[in-house]
Amino acid sequence: MVQLVGHTSETGTLSWIAGHKFTAPLKPQILMLDPEYGNDFPDFFDSTVPVMSNRLIAFLVNLGVDNMDTYPVVLHNNVSGEDVFGYSAVNVIGCIDAEKLESSQYRLRFGEPYFTGTIVIDDLKAGDSSFFRTPYGPGFIVISKNIADALKTESWSGILLQKTEDYEGV
């Protein structure tokens, strides 16, 4: 699958995994592609700047996800000169400290929990939130079982659905 090279000077100044709303909107960006690994385009680039296909974004919005800001991007292949449209950088709004540390596997890294295995989510802390980030760990997006089940009904590329209880620290 094709991969993103990194970020732009503008996207690089933003924290895409903190779950906080940006103070100013981001103008459309051109992100560079690295076709070394292939030319198949995933629906989700889990990279420095998280990028989703507009098809995936629409699907999530249709499921009721309303806590993400999207910023149109153009994916540019330096080798072929091709520009690919239909993608947006995605900032998930919402950071919930919903991990049950006493039931999760982690070690301290720079004084903060760094998950190395099973992550148990506290349903009381998560509340009604079905799509959010956590302040610790690898920066993944936590989704509800309902959203995961709906995603499984479609064919997606580049999406890894993994139960937090089955996380292996990767």
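A salt bridge joins the side chains of K27 and E10, at 3.4 Å from N to O; the term denotes a side-chain nitrogen of Lys or Arg within 4 Å of a carboxyl oxygen of Asp or Glu. K27 and E10 both lie in the loop between β1 (3-4) and β2, so the pair ties together parts that are 17 residues apart in sequence. K27 is exposed, with a relative accessible area of 51%, whereas E10 is partly exposed at 31%. Here buried means under 20% relative accessible area, exposed over 50%, and partly exposed in between (1.4 Å probe, protein chains only). The model is predicted: local features need pLDDT of at least 70 and side-chain atom pairs count only at pLDDT 80 or more, while totals for chains, interfaces and linings use all residues. Residues are numbered from 1 along each chain as its sequence is written, and side-chain values use heavy atoms, with hydrogens and water left out.

The count of salt bridges comes to six. Another of them is formed by the side chains of D43 and R55 (3.4 Å, N to O). This pair links distant parts of the chain, 12 residues apart, with D43 in the loop between β2 and β3 and R55 in helix α1 (residues 54-62). D43 is buried, with a relative accessible area of 9%, and R55 is partly exposed at 40%. Together with E154, D43 and R55 are linked in a network of salt bridges. A further salt bridge joins K145 and D149 (2.8 Å, N to O). Both residues lie in helix α3, four residues apart, which is about one turn of the helix. K145 is exposed at 60% relative accessible area, and D149 is partly exposed at 32%.

The protein has three helices and 10 strands, where helices (H or I, at least four residues) and strands (E, at least two) are DSSP runs numbered from the N terminus. Their order along the sequence is β-β-β-β-α-β-β-β-β-α-β-β-α. The radius of gyration is 16 Å, close to the 15 Å that the globule rule gives for 170 residues, so the protein is as compact as a globular protein of that length. This radius is taken over C-alpha atoms, and the globule rule is 2.2 Å times the number of residues to the power 0.38. Buried residues make up 39% of the 170 residues. Of the contacts (heavy atoms within 4.5 Å) with a separation of 6 or more, 63% are between residues 24 or more positions apart.

Eight aromatic pairs are present in the structure. Rings of Phe, Tyr and Trp (its six-membered ring) pair if their centres lie within 6.5 Å; planes under 30 degrees apart count as stacked, over 60 as edge-to-face and the rest as tilted. The ring centres of F45 and Y87 are 5.7 Å apart and the planes stand at 65°, so this pair is edge-to-face. F45 belongs to strand β3 (residues 44-45) and Y87 to strand β6 (residues 83-92), so the pair ties together parts that are 42 residues apart in sequence. Both F45 and Y87 are buried. For F140 and Y167, the centres are 5.8 Å apart and the planes are at 55°, so the pair is tilted. Y167 is buried, with a relative accessible area of 9%. Ring pairs also link W16, F22 and Y71 into a cluster.
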